[in-house]
Amino acid sequence: MSGFSQTIELARNQASNYHIFIPQNSLQEDTRAASVLQDYFFRVTGARIPVTVESKQIQSPGFFIGRTALAVIDKEINALPEEGFIIRSFQKNILISGRGKKGTLYGVYAFIEKYLNCRKWDGGAASIIPSSTLSVPADINEKELPAFRYREVYLPPAFNDEYLDWHRLHRFESVWGLWGHSFFKLVSPATYFTTHPEYFSLVNGKRKPMQLCLSSEAVIKITVDKIRKEIADNPEASYWSVSPNDDIGNCECDNCRKLDEADGGPQGSLIHFVNTVAANFPTKKITTLAYGYSGRGTTKTVPASNVIIMLSSIDAYRSRPLTIEPTAGAFRNNLVQWRKKTPNIFIWDYCTQFTNYLTPFPVTQFFKPNIDFFIQQGISGVFEQGSADTYSDMPELKAYVCARLLWNPTDNADSLINTFLEGYYGKAAPVIAEYLSLLQNKIQSHATNLDIYGNPVNNHTDYLSPVNMDKYSQLMDKAEKLTENDAAAFQHIQSLRLTQEYVYLQQAKFFGKDRDGLFVKDEAGNYITRPGLPNRVERFTAMSIQSGVKELSEGGISPEKYASQWKEIFHTKPKDNLAANAKVTLVYPFAPEYPSKKERTLVDETPGYEDFSYNWLCFYEVPMEATVDLGISKKINTVTMHFLEDARHWIFRPSAVSVEISDDGVLYRKLNSIRHTMIEEDYTVNFLPYQCIVNDTARYIKIKASNWPSLPAWRYHKYKKPMIACDEIWVE
């Protein structure tokens, strides 16, 4: 009969005559795979089938797991690549066997998902649908092979061990003996800099503990000895990173410079150094980062055969696939250069906004074209960096789709997304799909650049405008109503809604006394905190903690600290400014990367907070010379400002500040001036007050805040200049 397929009945009415057979000399991984299958078989059918060591006297039908006698003689199984697996039915038996430590386990989870109809959507418990009967096709013959030999999705679900195995992902702690930016893990400045500054980079004529001197024989010896010891302690690790720190400061000594000049840049001395180290460990894979100053390919030196280049795409916006995104041009060019030198390339990619984890950052639709591009370019490993183990914008969807495509890039991305939405959001799936579509539509219509170092305030006029946020919120209301009787799906929507709440709260601080701000006028015409806002912050904090938000940005504050900051805001009464919305004229332009409200930032009656990218007007390299026109002469008691000090972002107190007043805008009377000295090394964020006593009448106020001619030596950066930032010119 056409289309008819025979089936094998595995269980009925909570009973089964099946066994799970493992090899006589089973590996620990085989035993674990058998245990996983036994557990899920019981949870679905109610039948607990025994795990038995295979023997010649086997009578009952069964699952043959791992390198059983049947698998050992199977040529196709023996030809599988590392982590590949086969699922095959024969007679009434089922064979699941794979290569390497995880191949068989991956095959078991594939069987559990496809034939037991279980799902692992996130880091919580798997989704299971009990069934009184269980049958599978009698003609199963499946083979799966990994598309990439290294696959990692650095998002919260992947911090669950079972999620990792279910979706066939890796964790760098498990496969790298030494990971990431490793120079100071190899040669520590705490140990060596005082006695041997020559081991470290010569920068601007002075030895500094920023990077290593890569032409130093002593540094090579220390590095080799360190790796040899680490390998002895962790012989199972697959990869060892020999990579620059996450900073500038490549060594400019004569020997390093010669190597760099021969290879088109600082990547020259790096690859020479890495090759020298790798020669001592020919059976190990040594990785290094093509990132920042080492991003470009070498023009001459070829990486050794056991060296892997991990190329970063950090400078690209995420609004389009990497194949067509204009800001990814340098990444594409670097990839072309490296491919001319080596086939051993991994990609370090990004899918979150590091500065604001809870900002809507819809990039899931780009995983497919990006991964297709990586396959076409011969890439053999991908590290997709998200928010690590802290909850962020839709990490479950991103992790699921990316993991599936890293294993099998031929999967249909739209189908993967729809499958996830239906399984995770239940009846609200169509609404969440509409939300994602609307988000993407608004990003495209506004030509928004999604920046991994962006801010939801910067997008207050485009895809995250208050008008658009209201539309998103209406969809979340609809989704909540559809899932009122589905506790799990309702909770998932509550977590998703955190991103909208976060944008609302951040923008409320930015808008201040303006529409949609945190202050409104009461019946008497006085500004008060928007009613309900404190409760909204409280709910946001509680839901953030419940959803697993540990920090709101990379290395940033916790939800509890965020709530504490809001309490300070609520306890601070809004101030009136005699210069509110006055005309401000600048002699020098503000930093265009951080426009805030442009000149109005200085007279919008809104204070600045710890994030310099909004509510502060920044001046990069140039001074702030601002003239405020009050419109008419007014009695002025004081003029007050706050300047930001945030050395991590190269923002320092002004070198000098002065205030002048005028009646006609031509003749000015100088009232007060102060000079500062540059601070010693300190990365604390400070708000430095400056107040000038006036006690006079004037129409014009001129503020001069001088910038520094250069960065301090302890915060030197070849491509940065000093910045000053002012939040408001308060006139009282």
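The text below takes up a strand and its partners, then a pocket, then a helix.

This is a predicted model, in which local features need pLDDT of at least 70 and side-chain atom pairs count only at pLDDT 80 or more, while totals for chains, interfaces and linings use all residues. Residues are numbered from 1 along each chain as its sequence is written, and side-chain values use heavy atoms, with hydrogens and water left out.

Helices (H or I, at least four residues) and strands (E, at least two) are DSSP runs, numbered from the N terminus. Strand β23 (residues 656-662) is largely enclosed by the rest of the structure, because seven of its seven residues are buried; buried means under 20% relative accessible area, exposed over 50% and partly exposed in between, with a 1.4 Å probe and protein chains only. Ala656, Ser658, Glu660 and Ser662 point one way from β23, whereas Val657, Val659 and Ile661 point the other way.

β23 and β24 form a hairpin with five residues between them, and Gly665 in the turn has a positive phi of about 80°.

**The second largest pocket**

The second largest pocket has a volume of about 640 Å³. On a 1 Å grid over the protein atoms alone, a pocket is an open set of points where a 1.4 Å probe fits, with protein on both sides within 12 Å along at least five of seven lines, and lining residues have an atom within 4 Å of a point. Of the 22 residues that line this pocket, Glu83, Lys101, His170, Val175 and Ser238 are the closest to its centre. The lining divides into eight nonpolar, four polar and ten charged residues, and α5 gives the most to it, with three residues.

**Helix α16**

Helix α16 (residues 429-445) has 17 residues and reaches 24 Å from its first C-alpha to its last, close to the 24 Å expected at 1.5 Å a residue; the expected span is 1.5 Å times one less than the number of residues. Among the buried residues of α16 are Ala429, Tyr435, Leu439 and Lys442. The elements that cover the buried residues of α16 include α14 (395-407), α15 (413-425), α17 (466-482) and α18 (487-511). Just after α16, Ala447 takes a positive phi of about 50°.

Notes
Two strands pair if DSSP finds at least two bridges between them. Grid points are joined across faces, edges and corners, and a volume is the space filled by probe spheres set on the points. Ala, Val, Leu, Ile, Met, Phe, Trp, Tyr, Cys and Pro count as nonpolar, Asp, Glu, Lys and Arg as charged, and the others, Gly among them, as polar. Contact means heavy atoms within 4.5 Å.
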